[in-house]
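Okay, thanks for coming, everyone. Let me put the structure up, and then I'll walk you through it.

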Amino acid sequence: MTYTTSNTASEQLKAFQSLDVDQQLALFYFLYQEMGKSVTPAAPGASTVSPEVAESLFNQVKDLSFEEQLQLQRDLITGKNSLLAREYGSFSDTTKLLFWYRLAQGMDAQQVVPLPPEYKLSEQGQQLFGQITGLEFQQQITLFRNIVAPMGTDPNSAERGAGNL
Ligand code: 45D
């Protein structure tokens, strides 16, 4: 068994976060494509998810240019402060996940900037893709929640008035 195949959940999270920002976006989208079919809008009324809140942020992003959409997604990953990043930061983890899910659906509907057609994952990204797709569905969801949770800006710790858009 190699080191990478024995990665634990928290090591997979670290490995994901150690990829460069564009690789994280691409890997996340490939994972969506892989699992997307098995995610039905499962129990939208359930637990801590707020579909209308995720939808409202999605609609704001949808109205941006493709370049701005890409920048926003990069900024969410790097934790750059902005109005939209603070709005995102105020969501529950599951609502954050739903928001990313909506973005990916938006890509499929050509409302959100698509991946360049020949975009490839790095060796490291491909390995991680293999590991993550091999996880049980529940473990995948947990990992995804942990991936999206720290993104954006926590509105309570963000300096008031800082950032715009
Ligand atoms: O030019 O309990 C690159 C809910 C390169 C319901 C790029 C759920 C340069 C409640 C950067 C690649 C549904 C929430 C461009 C559960 C370049 C509930 C662009 C489950 C253009 C369990 C890259 C939800 C881009 C789940 C634009 C499982 C990349 C949700 C964009 C899973 C990537 C959601 C995106 C996932 C990835 C979403 C938007 C995996 C989204 C992934």
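So, which element supplies the largest share of the shell around the ligand? That's α6, with eight residues. Helices here are DSSP runs of H or I with at least four residues, strands are E runs of at least two, and both are numbered from the N terminus.

Quick housekeeping. This is a predicted model, where local features need pLDDT of at least 70 and side-chain atom pairs count only at pLDDT 80 or more, while totals for chains, interfaces and linings use all residues. Residues are numbered from 1 along each chain as its sequence is written, and side-chain values use heavy atoms, with hydrogens and water left out.

Back to the ligand. It has 27 residues around it, and the closest are Asp22, Gln73, Met107, Pro114 and Ile141; a residue gets into that set if one of its heavy atoms lies within 4 Å of the molecule. On its own the ligand exposes 990 Å², and the protein buries 91% of that. Those areas come from the Shrake-Rupley method with a 1.4 Å probe, and for residues only the protein chains shown count as cover. As for where the shell comes from, α2, α4, α6 and α8 each give two or more residues. By type, the shell splits into 23 nonpolar, two polar and two charged. Here Ala, Val, Leu, Ile, Met, Phe, Trp, Tyr, Cys and Pro count as nonpolar, Asp, Glu, Lys and Arg as charged, and the others, Gly among them, as polar.

One of those closest residues is worth a stop: Pro114. You'll find proline 114 in the loop between α6 and α7. Its relative accessible area is 46%, so we call proline 114 partly exposed. The scale is: buried under 20%, exposed over 50%, partly exposed in between, with a 1.4 Å probe and protein chains only. Beyond its neighbours within four places in sequence, proline 114 is in contact with Phe66 and Met107, contact being heavy atoms within 4.5 Å. Its C-alpha is 10.0 Å from that of alanine 26, which is 88 residues away along the chain.

Most residues other than glycine have a negative phi. Glutamine 110 is exposed too, at 68% relative accessible area.

Now zoom out. The protein has eight helices and zero strands, and 41% of its 165 residues are buried. If you take contacts with a separation of 6 or more, 84% of them are between residues 24 or more positions apart. The protein exposes about 9200 Å², with carbon and sulfur atoms supplying 53% of that.

What about the inside? The largest nonpolar core has 43 residues, and Tyr88, Phe99, Trp100, Phe144 and Ile147 touch the most other members. A core like that is a set of buried Ala, Val, Leu, Ile, Met, Phe, Trp, Tyr and Cys residues joined through side-chain atoms within 4.5 Å. The elements giving two or more residues to it are α1 (9-18), α2 (21-35), α3 (51-62), α4 (66-78), α5 (83-89), α6 (93-108), α7 (123-133) and α8 (137-148). The top contributor is α2, with eight residues. In soluble globular proteins, nonpolar side chains tend to be buried together. Take isoleucine 147: leaving out residues up to four places away in sequence, it touches Leu13 and Phe16.

Glutamine 140 lies in helix α8. Is glutamine 140 buried or exposed? Buried, because its relative accessible area is 9%. Its side chain reaches the backbone oxygen of isoleucine 132 at 3.0 Å. Setting aside neighbours within four places, glutamine 140 is in contact with Met35, Ile132, Thr133 and Leu135.

And threonine 95, in helix α6, is buried at 2% relative accessibility. Its side chain makes a polar contact of 2.9 Å with the side chain of serine 92. That term means a pair of N or O atoms within 3.5 Å; within protein, one must be able to donate a hydrogen and the other to accept it, and residues adjacent in sequence count only if both atoms are side-chain atoms. Not counting residues up to four places away, threonine 95 touches Thr48, Val49, Ser50, Val53 and Ala54.
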